[in-house]
Amino acid sequence: MAANYWESSQFQRFMLTRYELAEVESMHAMQLTRHETVYLKIYFNSLIQKVGKRLRTRQEIIATATVYFKRFYINNTFYDIDPYLMVATCVYLACKVEENPHHIKHIWGETKAALAEISADIKFPYDMPDIAECESYLLEEMKFYLIVYHPYQVLIDISEQINLPKPSLQAAWSIVNDSYLTEACLVYPPHVVAIASLFLSRVVDQGSQPDVVAQQWYADLNVDITDVLQVVNDLLWLYDVWNGYKEGKMPELVSRYIADIAASS
């Protein structure tokens, strides 16, 4: 395991520039509107959350599973591997990597239950051996580089440095969770996402420290403020689009999207 983020495979192998991300998204989203692309991100992140909560896993495990899911579909499509199967596989692998393993039968059962909560029409014709086989594809795609650095510890460290009140920390933590509905984890280092979440939380939460203290702290940061503001803008765009999200319509959108990919292949 790398001693820090800058020496890790996450930074050296998996980070994209915004230009590279735009190319990937344009390739995958030819059959989708911009809003539909965001809806799919919300949907599958929400599904991973549902499975994780049913397993009573830590938020960091859910975040790791989400990163695995995003990494796999950089170079693959929903037609190549059913995204519902990949959700189960990412959660299964993330639990093992984060040292909170669950039996594959438990993962399989909770995934089916989470899907049933959304719609009885969602097909999940897979068994435990299918998850095990899918895991091998996921591992191969990621070249067995499995350690993921998240913004949560950075956020905790910052909160201790500036004596951040608990309500402000909770607001920023929730925004970090929301950042996984964007592609920030593929483009920006964890500390940038943590700072952007803290910055945005000051708009949401009025119980934060006096402005003069925060302004001095931001001024002393050794970070590109342009990157921070870009993450903030991505989150604001997410929240705006989220207003039109309807989970009940998502299974149909997923089926249509996969059919469109198959037709264009």
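Is D234 buried, partly exposed or exposed? D234 is partly exposed, because its relative accessible area is 21%, and buried would require a value under 20%. The views described below show a predicted model.

**View 1. Helix α14 and the span between its ends.** Helix α14 covers residues 250-264. At 1.5 Å a residue, its 15 residues should span 21 Å.

**View 2. The buried and exposed residues of α14.** Six named residues of this helix are shown as buried: M250, P251, L253, V254, Y257 and I261. Seen down the axis of α14, the buried residues fall within an arc of 165°, so they line one face of the helix. E252 and A263, on the other side of α14, are exposed. The buried residues of α14 pack against α2 (18-28), α3 (34-55), α5 (83-97) and α6 (104-118).

**View 3. The salt bridge between R18 and D234.** The structure holds eleven salt bridges, and one of them joins the side chains of R18 and D234, with an N to O distance of 3.1 Å. R18 lies in helix α2 and D234 in helix α13 (residues 225-242), so the pair ties together parts that are 216 residues apart in sequence. R18 counts as partly exposed because its relative accessibility is 36%. D234 is likewise partly exposed, at 21%.

**View 4. The salt bridge between K41 and E183.** The side chains of K41 and E183 meet in a salt bridge of 3.8 Å, N to O. K41 belongs to helix α3, whereas E183 lies in the loop between α9 (166-179) and α10 (184-187), so this pair ties together parts that are 142 residues apart in sequence. E183 is buried, because its relative accessible area is 13%. Both residues also belong to a network of salt bridges that links E25, K41, K70 and E183.

**View 5. The salt bridge between K96 and E135.** K96 forms a salt bridge with E135, and the closest N and O atoms are 2.6 Å apart. This pair links distant parts of the chain, with K96 in helix α5 and E135 in helix α7 (residues 128-141), 39 residues apart. The two partners can also be described by their accessibility. K96 is partly exposed, with a relative accessible area of 34%, whereas E135 counts as buried, at 10% relative accessibility.

Technical notes: Residues numbered from 1 in each chain as written. Predicted model: local features only at pLDDT ≥ 70, side-chain atom pairs only at ≥ 80, totals over all residues. Heavy atoms only, no water. Helix = DSSP H or I, 4+ residues; strand = E, 2+ residues; numbered from the N terminus. Expected span 1.5 Å × (residues − 1). Buried < 20%, exposed > 50% of the residue type's maximum accessible area, 1.4 Å probe, protein only. Arc of directions from axis to C-beta. Contact = heavy atoms within 4.5 Å. Salt bridge = Lys/Arg side-chain N within 4 Å of Asp/Glu carboxyl O.
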